[in-house]
Amino acid sequence: MEPSRTEYSAINTSIAIISRITAILMGFVTRVVFIHTLSADYVGVNGLFSNILSVLSLTELGVGTAITFALYEPIAKKDVKKQQQLMQLYGKFYRGTALIVLAVGLLLVPFLDILMKNPPKVDHLIGIYLLYLFNSFFSYLLVYKKTLIEAHQKNYIVLVCQTIFLVLQDLLQIVVLLATHNYIFFLLLYMMCTLLSNVCISLIADRMYPYLKEKCRQRIPKEEKKKIFRNIRAMMMHKVGNIVVNNTDNLLISAYVGVVSVGVYSNYFLLIGSVRQVLDQIFQGITASVGNLGVTEKKERIREVFETAFFIGQWIYAFAAICLNELLNPFVELVFGKNYLFPRAVILILCINFFINGTRQAALTFRDSMGLFWFDRYKALIESGLNIIFSLLLVNKIGILGVFLGTLISELLTSVWVEPYVLYRIKLKASVTGFYLKYLGYVLVVAAGWFLTGLLCSMVGGSTVVRLVCRFFICLTVPNFLWLMIYHRTRECIQIMHRLNMIIPKRKK
């Protein structure tokens with residue numbers, strides 16, 4: 001018997017969270033070994049080249065999201081022929097993308113010095129960059145097949161495979177760093193495990209869906225292909241916007257502040273990004289189920305599920321943001337040393353950015369799963385333009401704080417209100433005013449919990465370890481207790497409790 005959407009969501013989300021936590025813990029250990037065996041210059045180079053390749057990934061044009069959305073309907077209707085046609089088109093796109101990434105990446109080689117203020121003292125800098133580039137090139141060749149597994153609501157299979165190779169990669173990298181202190185060997189292992197992981201997923205997809213290996217002579221009808229290309233154009237705009245907003249911070253810091261500061265930020269980026277990745281799994285785990293929901297359910301049901309998902313999202317991201325705000329600096333000081341600390345003002349803006357970005361995840365999941373990305377395509381370009389303008393203006397006046405403040409301002413002026421507007425007006429055919437008011441109410445309640453928690457944490461003294469433990473206990477109890485008292489009678493909270501009461505007895509049986 002085919003599992004329900006709820007069961008698929010529960011399985012995917014559970015495996016995704018376990019997988020991500022495993023990856024984070026292993027990555028953290030690797031990071032600590034990396035910092036203690038190589039110089040700060042290598043840390044900065046690692047962050048900078050990773051971001052350059054992230055920028056190059058805009059050549060993917062958002063094809064993955066557009067094709068995934070196109071797959072939901074034929075999968076629901078069990079139309080194998082249509083799935084074949086879409087996957088063949090998808091494969092062509094990704095092979096072309098791999099070649100474009102390689103070509104553009106090679107063209108950037110003469111301009112690497114421009115992207116680095118105070119070039120680091122690192123041997124074989126060009127060779128290191130080329131290893132990053134070839135790793136990105138290989139990652140595009142076979143990875144597209146995992147999309148079909150994910151669209152069938154079986155993402156947990158992909159995650160298990162990726163986690164196995166990631167753990168293997170981290171273990172081998174730790175051994176190499178401790179034994180040789182050689183960054184080149186470190187990167188070669190990275191490239192090898194990326195390739196092996198993609199080959200493994202490709203073979204699993206071929207076994208699960210044998211029709212992937214069959215040649216399909218029928219092509220997608222012109223009208224359908226036109227619609228797909230329209231969605232790809234829209235996702236290209238979103239992709240460009242996301243790359244600029246989320247992956248240019250290191251480039252700006254490198255160019256205007258220095259590569260060593262990129263290394264300092266990369267530690268915070270690792271920690272904040274790790275928490276974000278774990279929490280994002282909640283929404284990534286339900287993506288395919290939301291796509292199925294959009295195809296099979298009425299607007300009223302979609303709206304109910306969205307508002308409950310948004311409620312869950314704003315709570316968990318707010319709690320995580322408060323924890324990060326109070327715990328980041330003590331933790332970084334304990335693990336990496338005082339030389340890697342940022343001022344409290346910088347930490348506050350990073351955590352506010354984290355919270356605001358987190359509240360968007362529900363709307364983004366529903367937008368992408370229901371193919372609404374065409375309707376807010378210009379938003380992404382406007383946001384990226386504003387981000388560059390504000391960041392450049394502010395970085396010259398207040399340094400690294402200005403880079404992150406520019407990101408926050410651009411997000412508040414665009415994405416925060418546009419994304420839910422599109423969902424309500426286009427898909428739900430309803431007024432968005434009530435949602436905006438509810439969102440504002442959530443923010444005010446979060447601010448109250450944040451202020452009270454910060455006040456109590458500021459009273460904690462003692463050693464770094466004592467401050468970490470005491471602040472964590474305060475962060476765990478104070479905001480959650482306050483929010484539970486405020487929300488326990490709301491429709492969203494009652495629905496969540498009802499759902500939990502249904503799931504727990506079922507699992508006990």
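The points below take the cavity and then the pocket.

1. The model is a predicted one. It contains 2 cavities of 30 Å³ or more. This note takes up the second largest cavity, whose volume is about 50 Å³.

2. The lining of the second largest cavity is made up of Phe310, Thr359, Arg360, Ala363, Ser415, Val416, Glu419, Pro420, Phe435 and Tyr439. By class these residues split into 6 nonpolar, 2 polar and 2 charged. Arg360 and Glu419 belong to the lining and count as charged, because Arg and Glu are both in that class.

3. Two helices, α18 (415-427) and α19 (433-457), each contribute at least two residues to the lining of this cavity. The greatest contribution is that of α18, with 4 residues.

4. Two or more lining residues of the second largest pocket come from each of α1 (5-37), α11 (259-284), α13 (299-335) and α20 (464-487). Of the lining, α13 provides the largest share, 8 residues.

5. Which classes make up the lining of the second largest pocket? There are 20 nonpolar residues and 1 polar residue, with no charged residues. The lining of the second largest cavity, by contrast, includes 2 charged residues.

Note on methods. Residues are numbered from 1 along each chain as its sequence is written. This is a predicted model: local features need pLDDT of at least 70, side-chain atom pairs count only at pLDDT 80 or more; totals for chains, interfaces and linings use all residues. Side-chain values use heavy atoms; hydrogens and water are left out. On a 1 Å grid over the protein atoms alone, a cavity is a set of points where a 1.4 Å probe fits but cannot get out, and a pocket is an open set with protein on both sides within 12 Å along at least five of seven lines; lining residues have an atom within 4 Å of a point. Grid points are joined across faces, edges and corners, and a volume is the space filled by probe spheres set on the points.
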